[in-house]
Structures are given as structure tokens and as C-alpha cells.
Amino acid sequence: MAAIRETWDSRTAFVLAAIGSAIGLGNIWRFPYVTYENGGGAFLVAYFICLFIAGIPLLMLEFSIGHKFQQASPGSFRKITPRLEWFGWFAAGVGFIIVTYYAIIMAWSMNYTYEAATLGWEQEEGVYADAQYAIAETGLEDMAVLTQIPDSLVGRSFVSPVTAQPCVICADPVSGTSSYGTILVAFGGYLYGFETVDDANAFMGSPGDFFFNDFLGVTSEPWDMGDFKWPLFIGFSLAWIWIVASVWKGTKTVSKVVYFTVLIPWGLLLLFVIRGLTLSGAGKGLEFYLTPVWSNLMNGKLWLAAISQVFFSLSVGFAIMIAYGSFLPKKTNIAANAMIIGVADAMTAFFGGLAVFSALGHHAESLGVPVSQVVSSGPGLAFVAYPHIITQLPGARIFGVLFFLMLLTLAVDSAFSLLEAVTASVKDKWNTSHKKANLIVGGLAFLLGIPMLTGMGIHILDIADHFMNSFGLTLVVLGEVLIIGWGTGAEEQRQYINRNSSFSIGVWWNLCVRWIIPMGILWMIFSEIQDRALPYGSFALRSQEFLFGWLLIILLPVVGDLLASARGRGEGL
């Protein structure tokens, strides 16, 4: 007799869990930058169009697969046909690789909560100061920036105290015509000149130097291990305890945890939006973020960026939403749930942009440079640019702690949902207890993450993240729409969704699943392969790219096939 499958405590718990999985670090450190890079308001238009013709239809598809077959990803595809079980494991494997490095980012955030409380990223100020490099005397306080450069200084030669390279004072970047201007910083009664924001930040005590060199000890090559960071190991261990504890009893635990891990970051995000909007220079940052370049809507690159951001943000293709859908009760509302979750994720990303760019506008104004010079994405935003901004705020330590607590709570939902997608697969296959599955899968991911606690860790993370999101995710989604849209039949699946929803979706859904999404994915893959014809990242070493990236993509379906071939408990009877 089959065991009764666990279900969510309530619809609210399910919606919050799915929203928590979708909302992650990408809403804070990827979405704002991608929006700006692709035309501001024009990108937002493209993003919301892709959300409704690709993202939400995919959420409906994955929820309905899990709900229909009452299994996680491998079991669901096995019920479609036993020959497809390997594909379900491939999807779960993509999520497994991602959670191994997601926990690393959680460890960074956990340790940076302490650094924020002590402002540990502040280094000794003015360490390069030497009067022989001074440009002129000044009455400004130490580390004040002269944002309006006097005409009498423009064109004067100077030597950078950081690089010791000769330079010429350029026009002020705000009122001048050059794309950059010299940054003049006061220290010890003298002005010192710098050509770049990075050099000025290094002189003033650089969170960038601290993050990459002291905190991570980054090596120059991916194969150079460098030092093992024991403080990170402590944060990493605590992160994994939190992740596993969040799914210890499956939906029972998750249903309680998500009320805190989703609502708290929303509250903190609102606080940062309000604080950001009150900062001087916030308007320039928001103008930079939201000003539409409508001509970009004719650029295929913008649409490619929009659809890839939708897939990345909604957690489709990671086997998460299939597993979450399998825990839905018999009477449910698939279409409405997908709509709520998709819109909530998109609005969180949008408000994340408001918080980030208002603060970046303030930072740019304080340095007297255009916003474009302080914009960054990924770890450079969260662990370098934002600490610079936090240091300047009244109550810096409080805002710093709150910011990294926000990152932690954003990250943990995504992390435990990725773990749950794999543990539910193991539990379904071998009928093991949830606790045992959590320990097996979590323990293996913990061990695989340990090399990323060394100086080469960010290199591994960077390559794995790129290949999992650019190829792993897209291949899984392509497989899903081909199997359902062209195999079992999009119309049959649409009718199933309509029978389990409060409103009916039309044949537009069939069109999206059969044509629009597959063509968008094929376009993405073709573009990525073209891009990867060039050396990857800053390493310029194709061998590392091949080994860390393509080898993972090749191994995942192979491992999936081996797991599918293994006899599960009760199979073959």
C-alpha cells in the first residue's frame, strides 16, 4: 500500500515557500544591473512580457507535473515513461550543483554580518599618503572628496599615490565632457589625485581589497588553491545547519520557516528602499536605473537578457517547483498560484533595484563621479560597493548588519528549496525517511563545497554558476517543454491545469510551451555557445572552462542515468 504523501500546511505556506525559492540573491545583485545594462525602463517592459509568456507558463507547467504525478522530478518523468527518469535526475542534479555553491555565498554573508558589526572591511586610511604625491594644500577634512575640481587644477600633472603612475587632472566628470574625471581626496591637509574609483577607494580604505584579498584570499588562477579560510568554514558549517534544519521534516518544517525567511527580507528590503530614497544623490541613481532607452526594444540582446533573467529568477529548471507541486493537496489552484508567485518575484526584484541604485547614486555623488563608474553586479555589488556605501551612512553598523541579514534570509530559502528538490527525489526513489535523505544529500553537498573555502573558491563558483544557469537550466527547461509540449501533449496538460485552477487558461499557453519558450531557449543556447568561443572570464584559459564547465554539463546526465538504472525500494516487483 502506497504511503500518503505529505502536503503543505496551507496554501499560504506553499505560496511563501515558492516565492522564497524564486526570490534570491539575483533579485538584489543581478536584476538591477541587468536592467540598467539593457536599457532601463525598456528592459522592464521586455522582462514583464517574458514573465507572462515564458516564466509564469513554466511555473504552471512544473507545478502541474508535480501535482499530477505526486512525485519529485525523477519520479514524475518516470511516470511519463521509464526511459525519462534520467532526465528528472539531470534536473535535480543542476539544483544540487547550485546548492553546493549557494551555501558558500551564505557563508560569506554570515561572516560579513560580523564584519558589518565591527566595520572590519575598513582598513587603515591614507596608508599611501606621502606629501611628495600631493597636488595642493586643502582645508578639507581627511577623506573628504573635492567633487568640483577648480579650473586652476585642470591639466596639472600628478603622480597617483596608489599606482605611482603619472597622470593629468581631467575635467570634473559631472560638468565636464569626459567619461571620467580625476578624483581628488583630502588627507593630512593635502589633496591627492586618482584616475579611477578603485584607486580612490584603495586609498580611502578599500572593501574591495578586503573582500578579495583578506577575506577570500583569491588566487590568480583556478588551479591555485591558496589558503584555507577557517573563519569561512565556520560560517559555511552554520549555513548548512540552517539549510538542513529548514527542511528537516519536509513541508512541516518549511511551512513554518518561510513565514520568517520570506517576510523578514521583504521588511528589510522596504527599509532599505526608504533609506535609499532619502539619501542625497538617490535621484541620479534611480534615473540611471529607470530611464528607458526605447530603441533597445529592437535589440535581440535585450530580449535574450530578459528571458534568461526570468528563468534564473523564478527557479524554473532546477526541479524545485516540480517537487513543491508534488506536495500540493488534491484540491489546489495551480494557475493562480503561479501568477501570484511570478508577480511577487518580479516586484521584489524591481524594489531591490530601487534600493540598490538609490544607494549607488549617493555613493557616486559623494565621489563626484557618474553613477556608471560605481555600478557593479554580483559579489562586487554586495560585498564591495555596498560596504562602501554603508560605511558612509549614519548608524553604519546597524545598516550593515541588517543588509547582510537580508542577504542571508534571501539566500536560505533558495538554498533549502534546492536541497528539498534533491532530497524529495531520493526519498521517492528509495522510500527513505526525510531526515536520512537530508543528511545524505546535505552531507555530500557540504563535502563538495569545502574546496570553495580556499583561495580558488570564487573561481570555481563563478564557472559553475555560469554553466549551470546558462546551459544546465536552459537544457532542463527545453527538455520539459519538448516532452510535455510535443510528447504527452500541451493540450492535455493545459486541461489538467484548468481542472485544478480557479480560472481557465487559454490556448495561448499551448503556443508558449510548444513554440515561444523552445525558440527562446534555442536562441539563448546558440548565443552562449558563440560567447564561449572566447576565453572565459578573466583567466583566459580555455582548459579551466572546459573542465569546470562543460565537464559538469556532460557528467550530470550520465550520473542521472546511473541513478535511474539503480533499483529503488519497491521497484521491479
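**Notebook: salt bridges, helix packing and buried sites**

Entry 1. I looked up R494 and found it buried, with a relative accessible area of 9%; buried means under 20% relative accessible area, exposed over 50% and partly exposed in between, with a 1.4 Å probe and protein chains only. The model is predicted, so I note that local features need pLDDT of at least 70 and side-chain atom pairs count only at pLDDT 80 or more, while totals for chains, interfaces and linings use all residues. Residues are numbered from 1 along each chain as its sequence is written, and side-chain values use heavy atoms, with hydrogens and water left out.

The partner of R494 is E491: their side chains meet in a salt bridge at 2.8 Å, N to O. I use the term for a side-chain nitrogen of Lys or Arg within 4 Å of a carboxyl oxygen of Asp or Glu. E491 is partly exposed, at 33% relative accessible area. Both residues lie in helix α19, three residues apart, about one turn of the helix. Helices (H or I, at least four residues) and strands (E, at least two) are DSSP runs, numbered from the N terminus. An α-helix has 3.6 residues a turn, so residues three or four places apart point the same way.

**Entry 2. Other salt bridges.** I searched the whole structure and recorded five salt bridges. Side chains of opposite charge can pair when their charged atoms come close.

I next examined E85 and K429, which form a salt bridge with the closest N and O atoms 2.9 Å apart. E85 lies in helix α6 (residues 85–118) and K429 in helix α17, so the pair ties together parts that are 344 residues apart in sequence. Both E85 and K429 are buried.

Salt bridges that share partners join R78, E85 and K429 into one network.

**Entry 3. Packing of α4 on α19.** Helix α4 (residues 41–69) and helix α19 (residues 457–499) pack at an angle of about 75°, with their axes 10 Å apart. The contact involves L58, M60, L61, E62, S64, I65, H67 and K68 on α4, and V477, E480, V481, I484, E492, Q493, Y496 and I497 on α19. Contact means heavy atoms within 4.5 Å. Axes are lines fitted to C-alpha atoms, for helices over the stretch in contact, and angles run from 0 to 180 degrees between N-to-C directions. I therefore class α4 and α19 as roughly perpendicular to each other; angles under 35 degrees count as roughly parallel, over 145 as roughly antiparallel, 65 to 115 as roughly perpendicular and the rest as oblique.

**Entry 4. Helix α7.** I checked the cover of helix α7 (residues 197–204): seven of its eight residues are buried, so the helix is largely enclosed by the rest of the structure. The buried residues are V197, D199, A200, N201, A202, F203 and M204. They pack against strands β2 (145–146), β5 (183–187) and β6 (190–194), and against helices α8 (207–215), α15 (334–367) and α16 (379–392).

Entry 5. I located S417 in helix α17 (residues 396–430), where it is buried at 1% relative accessible area. Residues up to four places away in sequence aside, S417 touches S21, I320 and Y324. S109 is in helix α6 and is buried, with a relative accessible area of 1%. With the same exclusion of residues up to four places away, S109 touches F383, F404, L407 and L408.

**Entry 6. L304.** I found L304 in helix α13 (residues 300–314), and at 18% relative accessibility L304 counts as buried. Leaving aside neighbours within four places in sequence, L304 is in contact with W523, M524 and S527. K331 is 27 residues from L304 along the chain, and their C-alpha atoms are separated by 37 Å.
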